[in-house]
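Okay, hi everyone, let's get going. Have a look at the screen, and I'll talk you through a few spots.

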Amino acid sequence: MDKKILNSLNKWLENNLISESDYKKILDYEKNLNPSQKSKVAKAITLIGSLFLLSGLLGTLPLIWDNLTYWAQLLLLIVTTFFLIYAANYSEKFEDKSIFIFKSSERVSSVLYLISTISFGSVVVFTVSIINRSTSQYISEDIQILIVSFFVTVYSLYFYSRTRQIFQHAALFYSSIFFLGSLGNIIFPNIEAWAGGLFLISIGLIWGLYTFNKILGPSWLGYFLSTSTISIGSIILIDNLFGDNDLLEIIFLILGSVLFVWASIQLSEQVIFYIGGLGLVINLPRLITELLPDNIWPPLILFLVGGVLVAVGLYLNSIRENIKNND
């Protein structure tokens, strides 16, 4: 049982927030969540086997690939995809949504579905290629990419709606970006680089909004994908708009990092705080160096600012504790 949960339960019991019977029920429930040693071994073997399967497939294909016809290659990929889907479905029957192994919350089926997504993408690529070779009409490379990304996105969406697991969430996010990006490339073939940054910012904001409304989960992953994409998009956009003015570029990036830190406090999400904090750690020294080039002051200023922030944080925390004690 997790020590944090056990400590919280003990505190609640000591302060009469829960009864003795509730305490025992919660303990029994948490103990039942932990998989047995045999279950851990079985799941670990399945996971390692799936990784060996992917590794073996990638290692074997180059050796036999040239000796197979295009149809045989496609058939091999289809069989592999169906096998992975079957293995994932079969694995789900033995999973009770408890922890997978050690401290991880991921399940074996989620890993298998992720590998099947890669395999399915290969099936679509080969199918489009065969159609392109077999017909007199030529399908341009951009259209081929659009078709592949569309089907992979639909595939990812289906399995995410079924499993709601981390790997399927990530697969849905990146396949959606790939699909929308390829669609935008066809509609706007001569798009500017700054528009690409704006596209990433828009996708990140939409993903964050869906995560906030609990349409997407887990929330930490949704916010991580959202904020990291917004950050990348902002860097591209600002660099193209203010590339000649480093000072203005750095100021905008710092303001964005401060906004992330503020949002993390409002949403109580650590991952947003980490990304905002990383932005501040990177860009504050750049700002000081820009304002005071070739000077000893930049590290000293950072040291002083950091000390002041720590002191303010400790002071605010002491005020909060005093208010709680007085209440």
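So, how many helices and how many strands are there in the chain? There are twelve helices and zero strands. Those words come from DSSP runs, numbered from the N terminus: H or I over at least four residues makes a helix, and E over at least two makes a strand.

Quick housekeeping. This is a predicted model, where local features need pLDDT of at least 70 and side-chain atom pairs count only at pLDDT 80 or more, while totals for chains, interfaces and linings use all residues. Residues are numbered from 1 along each chain as its sequence is written, and side-chain values use heavy atoms, with hydrogens and water left out.

How much of the chain is buried? Of its 327 residues, 36% count as buried. Buried means under 20% relative accessible area, exposed is over 50%, and partly exposed is in between, using a 1.4 Å probe and protein chains only.

Now find helix α8, residues 193–212, where Ala195 sits. Ala195 counts as buried because its relative accessibility is 14%. Ala195 and Asn240 are 45 residues apart in sequence, yet their C-alpha atoms are 9.4 Å apart in space.

Next, α8 and its partner, helix α9, residues 219–241: their axes come within 7 Å and cross at roughly 160°. Axes here are lines fitted to C-alpha atoms, for helices over the stretch in contact, with angles from 0 to 180 degrees between N-to-C directions. So α8 and α9 are roughly antiparallel; the cut-offs are under 35 degrees for roughly parallel, over 145 for roughly antiparallel, 65 to 115 for roughly perpendicular, and oblique for the rest. By class, the contact of α8 with α9 has 15 nonpolar, eleven polar and no charged residues. Nonpolar covers Ala, Val, Leu, Ile, Met, Phe, Trp, Tyr, Cys and Pro; charged is Asp, Glu, Lys and Arg; the others, Gly among them, are polar.

Last stop, helix α11, residues 270–291. Why does its length make sense? At 1.5 Å a residue, its 22 residues should span 32 Å, and the end C-alpha atoms are 31 Å apart, which agrees. That expected span is 1.5 Å times one less than the number of residues.

Among the buried residues of α11 are Val271, Asn283 and Ile288. From Gly279 to Ser231 is 48 residues in sequence and 8.7 Å in space, C-alpha to C-alpha.

That's my tour, thanks!
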